[in-house]
Each structure stands twice: as C-alpha cells, then as structure tokens.
Amino acid sequence: APLQLAQRGRQPAGLLALTAGESQAGIPGFLLIKTGPAARLSEISAAIEDRVPAVDVFTPRGLADNDVKATRETVGPAVGLIVFLAYGVGALVVGLTVYAAVFERLREFGIMKAVGARNSRLYRSVLAETAGFAVTGLAIGFLAGQGVAALVAWVAPQYLVLPWESEVLARTAGAAALIALIASLLPVRQIEKVDPALVFRQ
C-alpha cells in the first residue's frame, strides 16, 4: 500500500512514527506516515527498517508503551513513596478512629461480657466496624479519584488519567483490607481488660 504523510495532530489507526536521528538543531526528527486500512503495520515497519537502517519505526502502541516506561522510570520511585506514605497515614487514621470508637463503647462491651459474651464475639464486632470504615474510605477514594480524573481531563485534555484500573483497584482494596485487619487488632488488650463488675459498680 502506498505511504502517505499524515497531517499533524491526527492519529489514525494505521499510523507509524519514524525517527531519523537528530536534526542540525539537535532535536530528534520524526515523520508520521499513514498506511492503507488493510495494511499490516508489523510488516510495513520491518520493510522500512530493512530498507532504511538509519530510522526506527514505532506504532502508536509502541510509542505509548515507551512513554509509560519512561514515566515509570523517572517518577515511579517518587510516586511509589507517596503511595506508601499514604497507606501508612490511612492505617494510622483508621487505627486511631477504631481505638477511639472502642474506648467510647467500653461500658457496652462490659455489659456484653456480663451477660456471657466472649472476647471473640467482641473482636468480631470491632472487625466488622473497622471493615465498614475501610469500605467507606474506599468508596470516598473512588469518587475522589473519578473527580480528579475528570478535572485533569478538563484542564489538560492531552493527559489521560485512569485512576481505577483493575490492577490499581485490586491493590488498593487489598491494602484497605489489610489496614482494617491491623487496625482491628489495636484495641484487643483494651477489650480484654474490660471488667464487667467494674462497669456495674460505676
């Protein structure tokens, strides 16, 4: 199929990008070519690189993968550190919230112990409450992520933000579950020390 120059700014399905070293100003030179609708990009790319060894041929998918790889290599460690700190802050906030909630319910726990409730039942109650906090926080985070993505798309439409890809959602949900489990273990000793007789004396 004959090759045609693609106008700047268009991104048709059959688009190839050629790089041919650097220009006199030291800026890499690019050439966009558009193929026919039934053309096989892999075969055309191989043919061009075979006939013109000085150029490199990339498909739109290849360019996108290179951009993602370069971004992860440059800002990935910093973003990973921020995410790690965010998880830590989230665990601290959930833990303190659960601890305060348990402290306010000590009299209720004492009464439950007095009527025969075991510590395991109280632990399950605290775990259920902590899971509710985690689910609520996850829902708020989901809505906030969608809002930020929409804002970025409105302010800078050239950037594509996908806040809830399947991998990110699974990792975040797993972290929320782990945070909920750890936070529910913080008030264990506080529950064990509840004296039902002391509650009734008060």
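Predicted model: local features only at pLDDT ≥ 70, side-chain atom pairs only at ≥ 80, totals over all residues.
1. A quick definition to start: a helix here is a DSSP run of H or I at least four residues long, and helices are numbered from the N terminus.

2. Let's get the overall layout down. The chain has seven helices and four strands. If you walk along the sequence, the elements come in the order β-β-β-α-β-α-α-α-α-α-α.

3. How much of the chain is buried? Out of its 202 residues, 23% count as buried. As for contacts, take those between residues at least 6 apart in sequence: 65% of them join residues at least 24 apart.

4. Back to Thr-130: is this residue buried or exposed? Its relative accessibility is 0%, and buried means under 20%, so Thr-130 counts as buried. Who surrounds it? Setting aside neighbours within four places in sequence, Thr-130 touches Val-94, Val-98, Ala-180, Ala-183 and Ser-184. Now check those numbers against the helix ranges: α2 covers 60-104 and α5 covers 166-185. Val-94 and Val-98 fall in the α2 range, while Ala-180, Ala-183 and Ser-184 fall in the α5 range.

5. Next, have a look at how α3 and α4 meet. Helix α3 spans residues 106-114, and its axis comes within 10 Å of the α4 axis, with the two crossing at roughly 145°. The crossing is right-handed. On the α3 side, the contact is made by Phe-109, Met-112 and Lys-113, and on the α4 side by Asn-119, Arg-121, Leu-122 and Val-126. Sorted by class, that contact has four nonpolar residues, one polar and two charged.

6. Finally, the largest pocket. Its volume is about 1400 Å³. It is lined by 34 residues, and the ones closest to its centre are Val-79, Leu-162, Pro-163, Val-168 and Arg-171.

7. Helices α2 (60-104), α4 (119-155) and α5 (166-185) each supply at least two residues of the lining. By class, the lining of the largest pocket is made up of 21 nonpolar, eight polar and five charged residues.

Methods
Residues numbered from 1 in each chain as written. Heavy atoms only, no water. 1 Å grid on protein atoms, 1.4 Å probe; cavity = no way out; pocket = protein on both sides within 12 Å on 5 of 7 lines; lining within 4 Å. Points joined across faces, edges and corners; volume = space filled by probe spheres on them. Nonpolar A, V, L, I, M, F, W, Y, C, P; charged D, E, K, R; others polar. Axes fitted to C-alpha atoms, helices over the stretch in contact; angles between N-to-C directions. Left-handed = near helix turned anticlockwise from the far one by under 90°. Contact = heavy atoms within 4.5 Å. Buried < 20%, exposed > 50% of the residue type's maximum accessible area, 1.4 Å probe, protein only.
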